[in-house]
Amino acid sequence: MRVYVPLTLSGLAEAYRTGELGAGPLVAYAVTPALREWYLSDDIEELEYAALGRAALASLRLLAADPGAVRRRVVVAVDVPDGSAATDPDRGLDPAALGEVRLAGPVRLAKAASVHVDSDDAEADVAAAVDALPAADGGDDDAQFVVDGAEDHELLWFATQEIPNLVGRTG
């Protein structure tokens, strides 16, 4: 099963240093029954793109919690064994939890299939979206428009071999 783990660049650097995306429980996003129902598509590529988008929004929230982080969203695509990702039945109908899964154990960075990161030119819009999140969460339509503006930037695809360059390390 492919899951999408939201991170920041500093979180990716930590994962590169330790070899793990986290000790668990780890929040990730995947094609869940609720996401299928919300997205209304049977095309697995479209559904996985929707799950990636949900993880990108979660990355935006991680940036909001880390004022010093570079304002670029990061999502790591990882293949995990079927059954290792579980949905929270109490949050199944919560729109904020669409596609959300929990991974109980540690996830080795070596299991990553790819990394998706904003380009440098997205930083200003991502920073504005981070600043607008609290108001958007409070129902402010103008702030939601700013948050949605970050989604106008496609995340760039990187092979896992490029992680050292992404985090500013070699070797």
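Q: Is Thr32 buried or exposed?
A: Keep in mind that this is a predicted model. In it, Thr32 is buried, because its relative accessible area is 5%, and the cut-off for buried is under 20%.

Q: Where is Thr32 found?
A: Thr32 sits in the loop between β2 (26-29) and α2 (33-39).

Q: And what is Thr32 in contact with, leaving aside its neighbours within four places in sequence?
A: Thr87, Gly99, Glu100 and Val101.

Q: OK, switching to α3. How many residues does α3 have, and what does α3 reach from first C-alpha to last?
A: α3 has 21 residues and reaches 30 Å, close to the 30 Å expected at 1.5 Å a residue.

Q: What goes on at the start of α3?
A: There, a side-chain oxygen of Asp43 comes to within 2.8 Å of the backbone nitrogen of Glu45.

Q: Which residues of α3 are buried?
A: Leu47, Ala50, Ala51, Leu52, Arg54, Ala55, Ala56, Ala58, Ser59, Leu60 and Leu63.

Q: How do the axes of α3 and α4 cross?
A: The axes of α3 (residues 44-64) and α4 (residues 123-137) cross at roughly 90 degrees and come within 9 Å. That makes the two helices, α3 and α4, roughly perpendicular.

Q: Which residues meet there?
A: From α3, Leu60, Arg61, Leu63 and Ala64; from α4, Val126, Ala129, Val130, Leu133 and Asp137. The residues of this contact divide into seven nonpolar, two charged and no polar.

Notes:
Residues are numbered from 1 along each chain as its sequence is written. This is a predicted model: local features need pLDDT of at least 70, side-chain atom pairs count only at pLDDT 80 or more; totals for chains, interfaces and linings use all residues. Side-chain values use heavy atoms; hydrogens and water are left out. Axes are lines fitted to C-alpha atoms, for helices over the stretch in contact, and angles run from 0 to 180 degrees between N-to-C directions. Helices (H or I, at least four residues) and strands (E, at least two) are DSSP runs, numbered from the N terminus. Angles under 35 degrees count as roughly parallel, over 145 as roughly antiparallel, 65 to 115 as roughly perpendicular and the rest as oblique. Contact means heavy atoms within 4.5 Å. Ala, Val, Leu, Ile, Met, Phe, Trp, Tyr, Cys and Pro count as nonpolar, Asp, Glu, Lys and Arg as charged, and the others, Gly among them, as polar. The expected span of a helix is 1.5 Å times one less than its number of residues. Buried means under 20% relative accessible area, exposed over 50%, partly exposed in between (1.4 Å probe, protein chains only). A polar contact is a pair of N or O atoms within 3.5 Å; within protein, one must be able to donate a hydrogen and the other to accept it, and residues adjacent in sequence count only if both atoms are side-chain atoms.
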